[in-house]
Amino acid sequence: MLLEIKSLDSGYGFLQVLWDVSIYVEQGEFVALIGPNGAGKSTTLKTVSGLLEPQGGEILFEGDAIGGLEGHLVCRKGVAFISEDLNLFVNMTVRENLEMGAFTLKDPAKQAQHLEFVYELFPRLYERENQFAGTLSGGERKMLAIGRGIMSGPRLLLVDEPSLGLAPQLTNEVFKALKALNARGTTILLVEQNVTKTLKTASRAYILEKGKIVLDGKSEDLANDEHVRKIYLGH
Amino acid sequence: MANPATESAVDQIDQTIGESFAQKATRWLFSAGGITVCLTILIAIVASIDKGPYVLVNTIITGGMWALMAIGLSLLFSVMNIAGFAHGEYFMAGSLTAYYAMLPIGKYTLDNPESFMAYVGPLIAILAGTLMCALLGIITERLVFKQLRMRNREGWLLNCFLITIGLSIIFQNTHQLAFGADFKGILAYWDFPSVSIFDVYISMDRVCAFFIAMLTMIGFYIFMMFSTAGKTIRAVSQDEEGARMVGISVDAVHIMTFALSCGLAGLAGASLLFMFPSYPTVGLMPLYNSWFIIILVGFGNVVGSIPGGFMIALFQVLTRTYFGEGWEAVIPVLLISLILIFKPSGIFATKVRTVWDE
Amino acid sequence: MANEYDVQKQGIAKFLDYLCLTPLGAIGFLILIIVPLFPPFNQDYLLRWFILAAIMGSGAMAFDFSSGYIAVVNFGFAAFVGLGAYTSAIVANKWGIPLPVAMLCGAFTAALLGFFTGAISLRMRGMFAICLTWFIGIGLMGLTIKMVWLTRGMLGLQTLYFFGPEASNIYYWYPVLGVALVTWYILKRMARSHIGLAFKAIGQNMDAAKTSGIDPTRYRIMNFTVSCALAGWIGAFYAHFIGILTPDFLHTAKTVEFLVIAYIGGRGTLWGGFAVSFPLIWFTEMLRSNFDYLPGINLLVYGLMLILIMIFYAGGMAQFFEYLVDKFKDNATVRWLTT
């Protein structure tokens, strides 16, 4: 198992958000974490990526315990986090942002390789290479955030609500890119509110409600599940 | 869902990207920043003609150093959201260290006026001042601010401000306790004949101070723009979480920032020892100046501190020349008040996220 | 202050409540009234420090009214105190105005400047308002130095004593307690009212306050004006106690003294600064006289205490007091004393 989250408790100080959450992701999988607003999906990703400290339970990545490890160290282990806020370096150009993404790579040849790959995946970023990140449109910023995340060549990609605020066409582009990444071997754990799209892209999914996992299974099975259909798919 | 408001804003920016250099330059010239800079240069020239070239000389010599100090203060703001009220104390520590370093060097140079030491010695003293302050900065960060960050992140800006007040008190009184309240000065760093430019005699110390300031600014620019360390500092100042996410150790950046910031202040203090002897409260005026500058150019605007430094230096020289000694406490207050009221983001319209979010 | 132990207040308790004093506070006050009558505290030398502590403590309360409630640190506070001091002194010297009235003149000028400062700083976020007050303080001190024709600059301005130059300090003790009590009363009354609630709302979250219908401008100005008026009034008292005024009374370092007392006492509590002012002033004076070969050691300790409090115990002494009260809240005496 690439990522194993065992009985995770997490939250913000006195406010506990996650209760006994257990998720596993195998190498090469595309797994989704869905649920309503405020369920704790972002909290889960933030805890795994080291931006939040867990209050209980374990997180194992490739067998190593990473729970409580600081954010930049988790990144160096091979986990990249694409946050909902994107956290772009607004006064740096697209290219500089991508270069910063490769911060943990020491090999300049690999950096160049990854940069080429990102430009292939997102041609628009290449067009706007020397533009400041703060001046990009919403969709371009998402692409840049994802591009920056994959520059370090991570084995696991944590993506938080990529479709938020995007027009449907752009959402398709982003999901297409994620699928392509997964096809190349990057394991993906995706957090989303857009359930229809997600269940078509991910092979497996977990449903998180009020900080607890209530359901999980293969996407096709979930799509036909009554609870899921009623609450998330609207029929 | 694409936001029409953002799209049009992006279009506007797209237009400015397409602008030629000439168009951009013209637009800048008519902005508040551009007008102020041009006005300053004009006034400097006029005053020099009126009152004598020392106006320009003093402005350029001290301006560079104040700029360095303001850069240090701006760094603290933009990277760590710390309002440094103790910044002047690092100036003082720099001058103090340089003084004690110069004691043996000065004696040696007196006995051997043509030796290698006569040329290099002062540089050693200045370097000592700089490094000591960088070290003090690191100690301050580890011992004080890291402790605060670990325990309490609320009201960070105000708490840090109060802490720096405490630091300022401690530094000043430690100096007094350990080294006495008297003035510790030197006659000159480089005891060589003055340089003459256009019939104006400028002491070697002043010339060297100027070059030190210029070289440091260039070095700083290269460091921030092209070195990995510099890029990590810029990254953290723009988005701390984002920096963590790409694997940057924010902790290391904090240490570097403090070392840099305090080191710059120490450099200014050490370089200007010939002008400002060291005593416990010598850091007050540099502190006020640094704050004038960052208010003038906008909190966190590191690059803007450079022209800002010269502007404030000119302002001070003019105040002293036309109004007499002692008025430089009063007149700048009017200027600062006007800026705070009408243009709080400074003449260069700086938008520093963290300060505004407070 | 309503709490679950609220009891119908009658008689003395009601009177105390009207004065905004808890029984414990009243006892503390009584102690202050009585102690200077007995040796060794009745020495003039010690009384001087009591009086100064009361003055600094009152000032700290006025300072806390701004910094602890609307989160605006008046970093030029000493200048407002000094403004009141100088105004009162000048007005009494030049026109022979009776001292209590002169004190009110001092309060008025300080209030006026406070009003304008509050009005100007209305658009500014915390940091900018602090900067503005800081530089106003610097400017005021500079003016005081330069306007020698009015203030005699660095030479110092002789002021008229309340009770003549020969009077013993004990005469000043009860008036200064009166000043402290009036300051406390005015500030606490306002703080307890809906106005005080508005202050706290603005201090915590300006935007949230706005959306709750609170006009931050109006309240900021109100708060600042009251704080500065009292500062000026207290300063005026100081002027006619100390006998001579110098411009360095307006220095930022003096503001820092008020600030340190207010913060070590406990921000936002008002009484914290006053209570802690006495041990602090006594402690620093003891340091100064016993270690006079170590100049500035008292200030050094001040600075250290401020830093330690900020890092480890941001609520100051008052927070510790609240902790004790909470720990013993099952004890009926404790409850009675503190409501």
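**Entry 1: C:Ser277**

I looked up C:Ser277 and found it buried, with 27 other C-beta atoms within 10 Å. I note at the outset that this is a predicted model. C:Ser277 belongs to helix H13 of chain C, which covers residues 271-290. Setting aside residues up to four places away in sequence, I listed what C:Ser277 touches and got C:Ala53, C:Met56, C:Gly57, C:Ala60 and C:Ile261. I also checked C:Ser277 against C:Ile307, and the two are 30 residues apart in sequence, with 17 Å between their C-alpha atoms.

**Entry 2: chain C as a whole**

From single residues I moved to the chain that holds them. I counted 16 helices and two strands as the secondary structure of chain C. The radius of gyration of chain C is 20 Å, close to the 20 Å that the globule rule gives for 339 residues, so chain C is as compact as a globular protein of that length. Along its principal axes, the C-alpha trace of chain C spans about 60 × 55 × 40 Å. Of its 339 residues, 48% count as buried. When I took the contacts in chain C between residues at least 6 apart in sequence, 78% of them joined residues at least 24 apart.

**Entry 3: where chain C meets chain B**

I looked up the contact between these two chains and found 35 residues of chain C touching 36 residues of chain B. On the side of chain C, the elements that give two or more residues are H6, helix H12 (252-265) and helix H14 (297-312). Which of the elements supplies the largest share of that side? It is H6(C), with 14 residues. By class, the side of chain C that touches chain B divides into 28 nonpolar, five polar and two charged residues.

**Entry 4: where chain A meets chain B**

For the other contact, I found 25 residues from chain A and 21 residues from chain B. Helix H2 (71-77), helix H3 (94-101) and helix H6 (138-150) of chain A each supply at least two residues of the side of chain A that touches chain B. The largest share of that side, four residues, comes from H2(A). I sorted the side of chain A by class and had ten nonpolar, 13 polar and two charged residues.

**Entry 5: the largest nonpolar core**

I asked which members of the largest nonpolar core, a set of 283 residues, touch the most other members, and I wrote down A:Leu158, B:Met69, C:Cys131, C:Ile234, C:Phe237 and C:Leu306. Helix H4 (residues 54-80) of chain B contributes the largest share of this core, 16 residues. I followed up C:Leu306, which, leaving aside neighbours within four places in sequence, is in contact with B:Leu162, B:Ile165, B:Gly166, C:Val260, C:Tyr263 and C:Ile264.

**Entry 6: helix H12 of chain B**

I then read along helix H12 (residues 284-297) of chain B, whose 14 residues reach 20 Å from the first C-alpha to the last, close to the 20 Å expected at 1.5 Å a residue. Twelve of the 14 residues of H12(B) are buried, so this helix is largely enclosed by the rest of the structure. Among the buried residues are B:Pro286, B:Tyr288, B:Trp291 and B:Phe292. The buried residues of H12(B) pack against H4, helix H5 (87-111), helix H11 (250-271), helix H13 (305-323) and helix H14 (331-342) of chain B, and also against helix H6 (126-146) of chain C. After H12(B) comes B:Gly298, for which I noted a positive phi, near 105°.

**Entry 7: the sheet in chain A**

Last, I traced an open sheet of four strands in chain A, ordered S2-S1-S4-S5 with antiparallel pairing. Its edge strands are S2 (15-25) and S5 (64-65), each pairing on one side only. Two bridges join strand S4 (residues 56-61) to S5(A), and A:Phe61 stands opposite A:Asp64 in S5(A).

Definitions and conventions: Residues numbered from 1 in each chain as written. Chains lettered and ligands numbered in written order. Predicted model: local features only at pLDDT ≥ 70, side-chain atom pairs only at ≥ 80, totals over all residues. Rg over C-alpha atoms; globule rule 2.2 N^0.38 Å. Buried ≥ 20, exposed ≤ 12 C-beta atoms within 10 Å, placed from the backbone. Contact = placed C-beta atoms within 7 Å. Nonpolar A, V, L, I, M, F, W, Y, C, P; charged D, E, K, R; others polar. Core = buried A, V, L, I, M, F, W, Y, C linked by C-beta atoms within 7 Å. Expected span 1.5 Å × (residues − 1). Pairing = 2+ DSSP bridges.
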